[in-house]
Amino acid sequence: MVKDFLQYSPINAADNDNEESFGDVKRFRAELRPKLHNIIRVWPILSHCALIWTSILFFALWMSTPSPHLHDDIPVYSPASGAVDLMIARFNGTLDFPSIYRGPPSPQIDAAWARIAHDVLPTRMSLEEILKAGEVDSPSKVKYPAEFGGGFMVSMEAPHQLYCLNLLRKASWPEYYGPTDISFQDTPEVVRMHLDHCIEMIRQNIMCNADVTMITWDWVQGHKKPYPNFNTRHQCRNYEKILDWAVEHAVDIPKSAVTRFEDTVDIPLPFHLMHTNV
């Protein structure tokens, strides 16, 4: 009885397979443990590298993507920023350089200036855009009636600055423009104020956009002193493209439609308007 109980019985083949499988698992875990330890040890380094490369990638994509709102180093919103197209241009600063914008007054020269220079070339901005540009929703600001699309009446700086330059050009030819041009038909005090206003606007613009392009100097035959070479290369904004934007987005409505709203509040009367019947 006892003999039968102690009798040897062979292990079942299936049980043997299970034993071998279990042994493989233990051996696999033993081999995997140092590998996991190494991965855990270097994981912070790998994650930091991945973060750095991801940041570099997104920064490169951001730098290569043109923004419709910001250009150059002037973080001031304008709906026309999308029309800014940078290009390289060489100025022609030769003293006697012929240009369609210079010379004795003529209908052709006046037409050339009239195309690029505008005292007011109105377009519109929404309230959101006005606030984005750093302005305030003042009750004195001119608004378009709802039937004409609403929004605020705005105009661009560049055409007005060229208008000012054209006014100075005309003032240098008083015998031609003095008797006929409406800009010189006001009192001498008001004309002088307009001219000084234009000089001041151009001064501020030149200093604001201080051009750091270098001018070389040459020895010129017949001159004892060096002479500056004003024919220099510049990075410019394509004015034609900006002007096209202004014309395309111009608001063309009857002057009578630009009316005061009931909640309009006037700003103080500018000095020069005290002398005119506006």
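**Chat about tyrosine 77 and a helix pair**

Student: Hi! Where is tyrosine 77 found?

Tutor: Tyrosine 77 is in the loop between α2 (13-64) and β1 (86-90); helices (H or I, at least four residues) and strands (E, at least two) are DSSP runs numbered from the N terminus. This is a predicted model: local features need pLDDT of at least 70 and side-chain atom pairs pLDDT 80 or more, while totals for chains, interfaces and linings use all residues. Residues are numbered from 1 along each chain as its sequence is written, and side-chain values use heavy atoms, leaving out hydrogens and water.

Student: Is tyrosine 77 buried or exposed?

Tutor: Buried, because its relative accessibility is 9% (buried is under 20%, exposed over 50%, partly exposed in between, with a 1.4 Å probe and protein chains only).

Student: What does the tyrosine 77 side chain make a polar contact with?

Tutor: The side chain of glutamate 129, at 2.7 Å. Alanine 133 lies 56 residues from tyrosine 77 in sequence, yet their C-alpha atoms are 4.7 Å apart.

Student: Switching topic: how many helices and strands are there?

Tutor: The chain has 8 helices and 6 strands. Along the sequence they run α-α-β-α-β-α-β-α-α-α-β-β-β-α.

Student: And what share of the chain is buried?

Tutor: Of the 278 residues, 20% are buried.

Student: Which residues of α3 and α5 meet?

Tutor: From α3, Ile109, Asp110, Trp113 and Ile116; from α5, Pro159, Leu162, Leu165, Asn166 and Arg169 (contact means heavy atoms within 4.5 Å).

Notes: A polar contact is a pair of N or O atoms within 3.5 Å; within protein, one must be able to donate a hydrogen and the other to accept it, and residues adjacent in sequence count only if both atoms are side-chain atoms.
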